[in-house]
Amino acid sequence: MVNLKVPQEAPRESPDLKPALEVRDLSFSYGNNPVLKDIGFTMRSGVLLGLLGPNGAGKSTLFRCILGLEKTHSGTVLLDGQNIKTLTPAALAKRIAYVPQIHFPSFNYSALDMVLMGTAAQGKEWAIPNTRQREVASAALEQLGMGKFRDRGFRQLSGGEQQLVLIARALAQDARLLVMDEPTANLDYGNQIRVLLQVKELSRQGYSIILSTHNPDHAFLFADQVLALHNNSIAVSGAPGEVLTGELITRLYGVPVTIRRDSRGIPSCLPVMPGSLFNSV
């Protein structure tokens, strides 16, 4: 079985290394409604970036701009130093892959067939997948511990298993930057942790990952870098343990919270509950 081409993590301290992703002065509007205003950040190889923000903050639109799906934004998006507007769809697909939060295929494709769809950019349009593509798809499933489900219908998989298949499809695409839109949405707690552990391992292998979530604890536990959007602009950017304060999270989501740290210094977010909820009836 063929091994996937896992990108090697480059030294993050090197000032000469081109960022895996760089966004400069990005703004976007739907008609007269501004959605993103002056967004700018840099993300280096092998980094897991957590994207936070309330509904309507512009997270999905930011993803669409990064993926090259929105063409009318101002500003610049660079992948490995190259402007995405200069890349063909096929060239873009070789650099960046997208993992949706949920997917309902029209047909009950097998897990292997779902992953094979990620290899489409490697062959001719409408061509039957060749042996190499099947080997790449199988290797991606094995890498995420899903090889035993290769022949099972996608609809017969659990939510967590489906999400891992979608991540395997992104790996089979052979792109170094993975964009994940709330990959743990609709998953139970155990599957959330299992999926995020796999995602974290991918970043350790050198993949660059930008992942949106509504759970600050996901950022504290797994992200190397965090970007929080509020009122269509960047509220903070930096290391989760340094920039995600109780005051900021309260401002983002409109509920009072406090940040506590365990004996190892790992922070977690807790809502401040009204005392009346705990009064005896």
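A crossing of two helices is left-handed if the near helix is turned anticlockwise from the far one by less than a right angle, and right-handed if clockwise. By that rule, the crossing of α4 and α5 is right-handed. The model is predicted: local features need pLDDT of at least 70, side-chain atom pairs count only at pLDDT 80 or more, and totals for chains, interfaces and linings use all residues. Residues are numbered from 1 along each chain as its sequence is written, and side-chain values use heavy atoms, with hydrogens and water left out.

**Overall make-up**

- The protein has nine helices and twelve strands; helices (H or I, at least four residues) and strands (E, at least two) are DSSP runs, numbered from the N terminus.
- The protein has 281 residues, of which 49% count as buried; buried means under 20% relative accessible area, exposed over 50%, and partly exposed in between (1.4 Å probe, protein chains only).
- Of the contacts with a separation of 6 or more, 67% are between residues 24 or more positions apart; contact means heavy atoms within 4.5 Å.

**Helix α4 against helix α5**

- Helix α4 covers residues 131-143 and helix α5 covers residues 159-172; their axes come within 8 Å and cross at roughly 135°.
- Axes are lines fitted to C-alpha atoms, for helices over the stretch in contact, and angles run from 0 to 180 degrees between N-to-C directions.
- α4 and α5 are therefore oblique to each other; angles under 35 degrees count as roughly parallel, over 145 as roughly antiparallel, 65 to 115 as roughly perpendicular and the rest as oblique.
- On the α4 side the contact uses Val136, Ala137, Ala140, Leu141 and Gln143, and on the α5 side Val165, Ala168, Leu171 and Ala172.
- By class, the residues of the contact of α4 with α5 are eight nonpolar, one polar and no charged; Ala, Val, Leu, Ile, Met, Phe, Trp, Tyr, Cys and Pro count as nonpolar, Asp, Glu, Lys and Arg as charged, and the others, Gly among them, as polar.

**Helix α5 against helix α6**

- α5 also packs with helix α6 (residues 189-204), at an angle of about 15° and with the axes 9 Å apart.
- That angle makes α5 roughly parallel to α6.
- The crossing in which α5 passes α6 is right-handed.
- From α5 the contact takes Gly160, Gln163, Leu164, Ile167 and Leu171, and from α6 it takes Asn191, Val195, Gln198, Val199 and Leu202.
- The contact of α5 with α6 has six nonpolar, four polar and no charged residues.
- Leu171 of α5 is listed in the contact with α4 and in the contact with α6.

- Helix α1 (residues 59-66) is mostly covered, with six of its eight residues buried.
- The buried residues of α1 are Lys59, Thr61, Leu62, Phe63, Cys65 and Ile66.

**Aromatic pairs**

- Rings of Phe, Tyr and Trp (its six-membered ring) pair if their centres lie within 6.5 Å; planes under 30 degrees apart count as stacked, over 60 as edge-to-face and the rest as tilted.
- By this rule the count comes to two aromatic pairs.
- Phenylalanine 28 and tyrosine 30 form an edge-to-face pair, 4.8 Å centre to centre with 85° between the planes.
- Phenylalanine 28 is buried at a relative accessible area of 4%, whereas tyrosine 30 is partly exposed at 39%.
- Phenylalanine 107 and tyrosine 109 also form an edge-to-face pair, 6.0 Å centre to centre with 75° between the planes.
- Phenylalanine 107 is exposed, with a relative accessible area of 56%, and tyrosine 109 is partly exposed, with 30%.

**Residues brought together from separate parts of the chain**

- Aspartate 80 sits in the loop between β4 (74-79) and β5 (82-83) and is partly exposed at 27% relative accessibility.
- Not counting residues up to four places away in sequence, aspartate 80 touches Lys18, Pro19, Ala20 and Arg176.
- Tyrosine 253 belongs to helix α9 (residues 246-253) and is partly exposed, with a relative accessible area of 25%.
- Tyrosine 253 and glycine 53 are 200 residues apart in sequence, yet 7.6 Å apart C-alpha to C-alpha.
- Leaving aside neighbours within four places in sequence, tyrosine 253 contacts Leu52, Gly53, Pro54, Thr213 and His214.
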